[in-house]
Amino acid sequence: MDTFDWKNLPFGYIKTDQNIRCHFKDGKWGKLEASSSEYINIHIAATGLHYGQEAFEGLKAYMGKDGKIRLFRWEENAKRMIFSAGGVKMAPVPVEMFREALFQAVKLNIKFVPPYGSGASLYIRPLLYGSGPEVGVKPADEYTFIVFVTPVGPYFKGGIKPVNMLICRDVDRAAPLGTGIFKVGGNYAASLRALITAKEGGYASTIFLDAKEKKFIDECGPANFFGIKDNTYITPKSESILNSITNMSLIRIAESLGMKTERRRVPVEELSEFIETGACGTAAVISPIGKIVDPDKNMIYEYCKDGMPGKASMKLYNKLVGIQNGDEPDEFGWTTIVE
Ligand SMILES: Cc1ncc(COP(=O)(O)O)c(C=O)c1O
């Protein structure tokens, strides 16, 4: 596909050749089917439309210098989708079926895998929703699982260039005992008011605080948060954030690089103690944060004053991306080659 300007791809939807679909009916999953249609036929009373019975995942396939395509920790996405399905009472997708759907979706769209060195990758979006009809609030009897792929560039423009974030105190994305730990669409709908306010103010995203006390950092829109001080990688522990696979991986990488790591509540005031902060996730990879603005408290926290990412963030980024692309040895056994 040399019609694409791979180096300038947005994080957006581009049509690819085929997607994979599967239906759950009469208590069991059917066979995976490939489709070239971008559309689904959906019942007007499907629970996925009315009651938010929906969950999704996001992972990437990377083209290596060796011409091999690698998936990063897909088993973790499979497990998280099972966890999310349980969170909104949907039929879970078995791990082996999840794997098969991912592999088929990538293989049927090989020509859309961005080339090595372009900074782009093939984003894989598994989606599960209640497709059976109900009018009362209850779980559906039927479910649909879809995997589509689309080539993407970096989520936050500029790749590893620092981005600015706005602390949001007037919108909660998720309640402590709510659905924040699941990757379900409702959380993202709930985040939109804050996200749009941040975007309109020229910020890359919002930082949500804990919903109960507004004292601790939760996460950065569609990414987890980390801060660095005293050679320590610190990331929030919260019952209302998504357990990021990238963050989990960065903790391991930080330890392997001789850093200490802490997963604990992170008070907002600690922002003034960090020497680096960042957002991390599949889409964001690592986006160093240049400035965090807390308008309600009249505070501005600044990092990367020279406009460059901090040293620790850069080291973590290089190691993570190196493993994902196959440039670094896969010392943790995180990548799977799509044969
Ligand atoms: C709300 C939220 N937090 C964090 C993340 C990062 O998670 P991961 O590293 O598994 O992509 C994502 C993206 O999946 C997200 O949507």
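Before I start on the strands, a rule to keep in mind: two strands count as paired if DSSP finds at least two bridges between them. I also note that this is a predicted model.

Entry one, the hairpin. I looked up strand 16 (residues 285-294) and strand 17 (residues 299-302), and found that they run antiparallel and are joined by 4 bridges. Within this pair, V293 stands opposite I300 in strand 17. The hairpin has 4 residues between the strands, and N298 takes a positive phi near 55 degrees there.

Where does the ligand sit? I found the ligand in the largest pocket. I listed 16 residues around the ligand, and Y188, E219, S244, T246 and T282 are the closest. Sorting this shell by class gave me 6 nonpolar, 6 polar and 4 charged residues. Helix 5 (245-256) and strand 15 (276-281) each supply at least two residues of the shell.

Which distances separate ligand oxygen atoms from side-chain N or O atoms of K183 and T282? For T282 I read 2.6 Å, and for K183 I read 2.8 Å. R80 also places a polar side-chain atom 2.8 Å from an oxygen atom of the ligand. Next I checked the cover: on its own the ligand has 380 Å² of accessible area, and the protein covers 96% of that.

Terms used:
Residues are numbered from 1 along each chain as its sequence is written. This is a predicted model: local features need pLDDT of at least 70, side-chain atom pairs count only at pLDDT 80 or more; totals for chains, interfaces and linings use all residues. Side-chain values use heavy atoms; hydrogens and water are left out. A residue is near a molecule or strand if one of its heavy atoms lies within 4 Å of it. A polar contact is a pair of N or O atoms within 3.5 Å; within protein, one must be able to donate a hydrogen and the other to accept it, and residues adjacent in sequence count only if both atoms are side-chain atoms. Accessible areas come from the Shrake-Rupley method with a 1.4 Å probe; for residues, only the protein chains shown count as cover. On a 1 Å grid over the protein atoms alone, a cavity is a set of points where a 1.4 Å probe fits but cannot get out, and a pocket is an open set with protein on both sides within 12 Å along at least five of seven lines; lining residues have an atom within 4 Å of a point. A molecule sits in a cavity or pocket if more than half of its atoms lie within 2 Å of its grid points. Ala, Val, Leu, Ile, Met, Phe, Trp, Tyr, Cys and Pro count as nonpolar, Asp, Glu, Lys and Arg as charged, and the others, Gly among them, as polar.
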